[in-house]
Every structure is written in structure tokens, then in C-alpha cells.
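Please load the model in your viewer and keep the selection panel at hand, as this tour goes from one selection to the next.

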Amino acid sequence: MAEVKNTAEHQQAYKERYAALGRGAAAHWPAPVQQRRAEAWQAFGALGYPTTRDEDWQQTNLAPLTHIAFSEGRGQVAPELQPRLQGHPFFDLGGPRLVFVNGVFSAELSALENCPAGVTLLSLNEALASGRPTAAAVARHADFQKQALTALNTALFQDGALIEIGRRAVVPAPLQIVYVSTGDQASCASFPRTLIVAAPESQATIVETYLGFGMERSFTNAVTEIVAEANAWVEHCRVQQEGPGAIHISAVQTYQTRDSRLSTHSLALGGELVRNGVNAVLDDEGAEVVLNGLYVLAGQQHCDNHTVLDHAKPNCRSREYYKGILDDQSSSAFNGLILVRKDAQHTDAIQSNKNLILSADATANTRPQLEIYADDVRCTHGATVGQIDAEMLFYMRSRGVGEQDARHLLTYAFANDVLQRIQSTAVRERLEAALFARWNEAQAQRAGQAAKL
Amino acid sequence: MLEIRNLQAKAGDREILRGINLTVKPGEVHAIMGPNGSGKSTLAGVLAGRDSYEVTGGSVTFLGHDLLELDPEERAREGVFLAFQYPVEIPGVGNMYFLRAALNAIRKHRGEEELDAVDFLNLARKKMKLLEMDDSLINRSVNEGFSGGEKKRNEIFQMAVLEPKLAILDETDSGLDIDALKIVSQGVNALRDKDRGIILVTHYQRLLNYIVPDFVHVLSGGRIVKSGGKELALELEDKGYAWIDDTVAV
Ligand SMILES: Nc1ncnc2c1ncn2[C@@H]1O[C@H](COP(=O)(O)OP(=O)(O)OP(=O)(O)O)[C@@H](O)[C@H]1O
Ligand SMILES: [Mg+2]
């Protein structure tokens, strides 16, 4: 395939957007944030889109981005898509939520009236414009000097979410951010930006959902920064279920200090070309992080997960479990680095990536990596690519369970431990339902095709 | 109910079954004995529809169906049950969820109403009592972490719930201590019925003290080389297999 090119149309479209923002909303942001925005714009200009010659992008070709001069989308959901959005299992989890449509904040779709004490959910633009101190931390952690797409987001985001969990606040219901890419307008691009700050000893679950409905090509370039301060407990779920024409590139940057606990779950179900980066920094003793991921792909979907566990200080613990289920001609890449810096003695890190291949044409690439500069550590990693076990399948069929049902049960069983690691019952149950619905749909489609033949 | 005629099968290029003839009528219990590697599990597997074997000749009729034409799940729904010699562990699939799915598939096929979770659990508990199974098995994955004896008991428990018309038990007694053997035999005997056929594959005469067969067959080198009544098992125990078929090294 051809490589992605940084065409003149692109540059022009981005340039206009950058300039318009600078005259508009961003003019009211704090000076340091404006400064970072400008640096990021320069960095993107110098870096351009990464190509497959770039070591970190060997498995993911961004060529489909080349000829699209992306435009801004309408910040509204068309009436005919409203029922699908509001009926979506991840639209309403019972807690407060911020909703954005094609990157634009939607007050009507958001629900902020029952925000628990000690918690702030705010449009990031509003927070920046009103000089809220926490908001000024945006772009402090996610690296825009070397990561081109993080630079692009940092230069072009117009809005996004700020979630602050105050000191010792304990939040029962999940706090939600919903980013909708309507997908009913051609070539619509959005740059959602999220900042989550959990103050010391706080506890919360945050669900960040990316939804899309239409068939058109869309581009979501998202960056999320999560800061977990001393002894905070944060569960972060990122559910991506965009439409079939979506190009979705995301970076999650986490930063943890002393004794904090963070789980970040990545559930990639939608989109056509997907790249999810997670960069987790453990920057003080006693911090623990869990990276838990599931990608379920079919058709021509491609999903690339790129994770870095950055052990910067001693006595931290990381666990990473990523699983993929690949059907049809789908493909995946997993690239996981455990980086143990010189000071990070007594690091305890486990990483695993397992893939279940359901079709002869699907391919999973996996590359776990260790880079260890400390000498007293425990790090293990492993990766597998396999198929449904023939003996298990026969056993189930020999009891009367139909072949497709048995395959679904075994596929579900494969994914089960990833789902069980999600502590929020509301999220877990909806995901289980979403997976079953997806398989039933696939089965119905196959039955339909078979009937036509 | 089961009519096996000159059945031949191979795995890879290896011929394993070389012309099996066997008739099972409703209500009968047939024991099949024979040396290691003689083809007993192959026969059981071919009857259940295991696809690692290729049937190269002969026929199998089961209650009027050409059994070899049916998929494994269709055979099960028609009433064939195989208790595996080595039951497989299926992590992540709940034991009860799985069994209910199986039972409901069979009931649906028979035109009966499917059981909901509550009715199913009531039924399952009754059968668990019969096999003196621990309640904790309800919440576990299929065979996962079960001891050898628990796996075999779970096979018979599944059989008790599914109530097949033809049960093929492949070495369900191997490796059981005497208490477990009694419990398993009790479970099987409870299912003995004038309409149900049972095929017991075993190496050990001891099982046949608890489940008394109507016929005993010796399978050797892929053929049934001798058939008789239950006294044949005793004779085999005394003399081994060599006296029947001197091609067999014991
Ligand atoms: N899938 C296979 N591929 C190749 N050879 C096989 C396969 N399955 C079985 N065999 C061989 O066929 C022969 C018969 O095997 P089978 O398992 O039927 O024997 P058995 O009578 O059940 O033995 P045992 O008493 O040890 O259980 C053995 O030599 C075995 O190694
Ligand atoms: Mg055997």
C-alpha cells in the first residue's frame, strides 16, 4: 500500500483550523496552554504523519488519511440518529455525563445536574477559559514533541472533558464522557481532549466512550491524560464503538504518584483503522497500574495497540493483559514495552497479549518488549496467537450445543477474564451484551449470505 | 436401536477400525474390552462424530438414521451421548450454563419447551445429589481444575441430565477409587431403562460387578474378535487377551 502523504490540502485544512482556534476559543486560554498549543503545532509541522518506515508505525499504515481534507462536523446529532444514540447501552450509565458531538460540547445531551459532591465535570474549553487551575495541566503529560498525532490533537483540540475528583471524594456511579462521531458527514474530523485529575485519596470510575453511527469516513484523533495523585483509586474504561468508516487514533497518557491505583481498560470494537496508544508512567513508589484490553475485530478492521509501561520509580507494580479476537480479514498489532528505568528497583511487571483467530484470513502480530535498566526486578511477558480449541468444540457439540453457539461460547470464554477485570458492573454487563449482540449479528449476516448462495 | 455393519475407519493413513459389527437393542448393556490401542476410543469417537477420524467403509444406523451423516450436535440431539475418556477443561464456560445450553438444544429439537435457569437448577440439583456432587461445581467452569474422579462424575452427571437414548461410556471407571466407582455405577444403573442402550468401554472387570452387562465383546486390532455373556469378562481377567487372539501382544 502507498504511504500516507502530508498533502497541501491537509496542511491547508489544518492550518485554517489552527488559526481559527487561535483567534477564537483558544485566545481565552491560559498562556502556558496557548504556548504548548503553539509548540505542538510546530512539532506536527516538523514530524508530519508517521509512515510505516517509522518503527512505531510499521504495522499501521495511515494512507487512508492522505486524500481527505477533513472538515469540522456539525455539533448536532441528526434527528434520525437520536434514538440510536440515546438507546445505546453506553449512553446512560446512571451517573453524570458530558456529551460531545463531532468534538463540540452538547449541553442538551449532557447530564450534569446530579453531579456528586467533590466532583467536577466540565467542558475543557469552559474550564480553560474561566482559568480553572486544574485545567492548565492539559498537555503537560502527553508527549507532543515526538508523537505526531498527540501533537496534532494538542494543536487542534477545541474542546473536550475535564473531570476532577476532589480530595477524598468517593464516587459511586461511573462518570461518563461520550464522544460521538456522527459519521453522517463526509470527512469529518474531531480532536477530543480529556483531562482527568484524581486528587489524593479519591476514588472514581470514569467511562470514556467513542460512538459513531453513520457509514461515512470520519477521523477521531483523541488524547486523554489521567493524573492519579497519592493513594487515589481510579478505574478508567475506554470503549470505542465508532462506525465502519472511522479512523480512530488515540493516546492515553497516565501519570501516577505515590500509592495510587489505576486500571485502564481499552475496549476496541468499532472503526476501520484504529490505533490506541497507552503510555503509563509510574512516578512514585507504591503505585500500581493495570492495563486491560480487548479488541474484537471483523471485516477489514485493523487495530493497533501500542503500550508503554514506564516504571520510573522503585516498588511499583504493573499488570497488562490484552486480548484480541479476530475474524474475517481483520488484522491487529500489539506492541507492548515494559520500560524499567535505572532507579526502579523491585519493579514487578507482568504483560501478556493473547489472540484468538477465528478465520484463516485474519492476522495478529504481537511484539512484547522489555527494556530494563535496573537489576533487581521481576518482569515477565508472553504472547500467543491461537485458534478455537478443536477438542473443546467437539466436546460441546457432542452434548448437543450447535457449532456456532459453541464457537460463541468459547470466544466469549476467551474474552471473559478481560471483562471480569472491569469492576464497574454497569460497564461489564453492557459490554457482555454488546459482544453477544455483535456475534449474533455476525451469525445472522452469515446465515443471510449462505441463504443467498 | 444401534446397528454397526462392517465399520472401517482410519486416522491419518493409519487404519484403526477394520470391520466392526455390533448390534445394540434398547435396554441392553454392552461391555467392550480389549488391549490398549485396539480401537475402543476410536469406535466411541466415530459414533459420536469426532472429525479426526475418516470412515472408510461400513454403516451405522441409529433409530432409523444414518448416523454417519449427522453432525455431532445432531447425533446428541437424537440421543447419543459419549462420556469422554479424557474430558476436556473449558475455562470461562460455566458448567451449569453449558449444560443448560446443551439440554435446551436437545429439548428444542424434540419440540419440548426450553428450561429457564430456575427450573434447570432444580433438575440439576436432583441429579447432583444422585452423584453426590459438591455444590461448588455449580459455579465452576466446565471441568476446570476438577480432579480426575470429579471429571468422570461430571460426565455421568451430564448424562443423567441429558437422558440420552444411547450412552457410550469410554473408560469412565479408569482411575476411580472404590467409593467413586460405586457412585458412578449407581448413577449409570439409575439410568438403565428398557428403552436405553448402554455401551461400556472398560479395561477392568471390577466395573462389571457394579454395572452388570448383558454382553461382553473383545475388541482387538480394530475388530470384535469375541463376544459372550458377562462371564467372558471373568475369563478375560484370568487369562488376558492372548488366548483369544494370538496376534495380540499383552
Ligand atoms: N487421531 C489419531 N491419529 C493417529 N492415530 C490415532 C489417532 N487416534 C488414535 N490413534 C491410534 O489408533 C490406535 C487406537 O486408538 P484408540 O484410542 O482407539 O485405542 P483404545 O482402544 O481406546 O486404547 P486405550 O485402551 O489405551 O484407551 C492407537 O494406536 C492410537 O495411537
Ligand atoms: Mg481409549
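**Around ligand 1**

Begin with Ser41(B), where a backbone N or O atom lies 2.8 Å from an oxygen atom of ligand 1; bear in mind throughout that this is a predicted model. Next select Gly39(B), which likewise places a backbone N or O atom 3.0 Å from an oxygen atom of the ligand. If you widen the selection, you will find 15 residues surrounding ligand 1, with Arg14(B), Lys40(B), Ser41(B), Thr42(B) and His203(B) the closest.

**Helices 5 and 6 of chain B**

Move on to residues 148-162 and 178-191 of chain B, helix 5 and helix 6, whose axes come within 10 Å and cross at roughly 15 degrees. The two helices are therefore roughly parallel to each other. To see the contact, show Arg153(B), Ile156(B), Met159(B) and Ala160(B) on helix 5, together with Ile183(B), Val184(B), Gly187(B), Val188(B) and Leu191(B) on helix 6. By class, this contact comprises 7 nonpolar, 1 polar and 1 charged residues.

**Helices 3 and 4 of chain B**

Finally, select helix 3 (residues 95-109) and helix 4 (residues 117-130) of chain B, which pack at an angle of about 105 degrees with their axes 11 Å apart. That angle makes helix 3 of chain B roughly perpendicular to helix 4 of chain B. Helix 3 contributes Met96(B), Leu99(B), Arg100(B) and Leu103(B) to the contact, while helix 4 contributes Ala117(B), Phe120(B), Leu123(B), Ala124(B) and Met128(B). These residues divide into 8 nonpolar, no polar and 1 charged.

Terms used: Residues numbered from 1 in each chain as written. Chains lettered and ligands numbered in written order. Predicted model: local features only at pLDDT ≥ 70, side-chain atom pairs only at ≥ 80, totals over all residues. Heavy atoms only, no water. Axes fitted to C-alpha atoms, helices over the stretch in contact; angles between N-to-C directions. Helix = DSSP H or I, 4+ residues; strand = E, 2+ residues; numbered from the N terminus. Parallel < 35°, antiparallel > 145°, perpendicular 65-115°, else oblique. Contact = heavy atoms within 4.5 Å. Nonpolar A, V, L, I, M, F, W, Y, C, P; charged D, E, K, R; others polar. Near = heavy atom within 4 Å. Polar contact = N/O pair within 3.5 Å; in protein donor to acceptor, adjacent residues only side chain to side chain.
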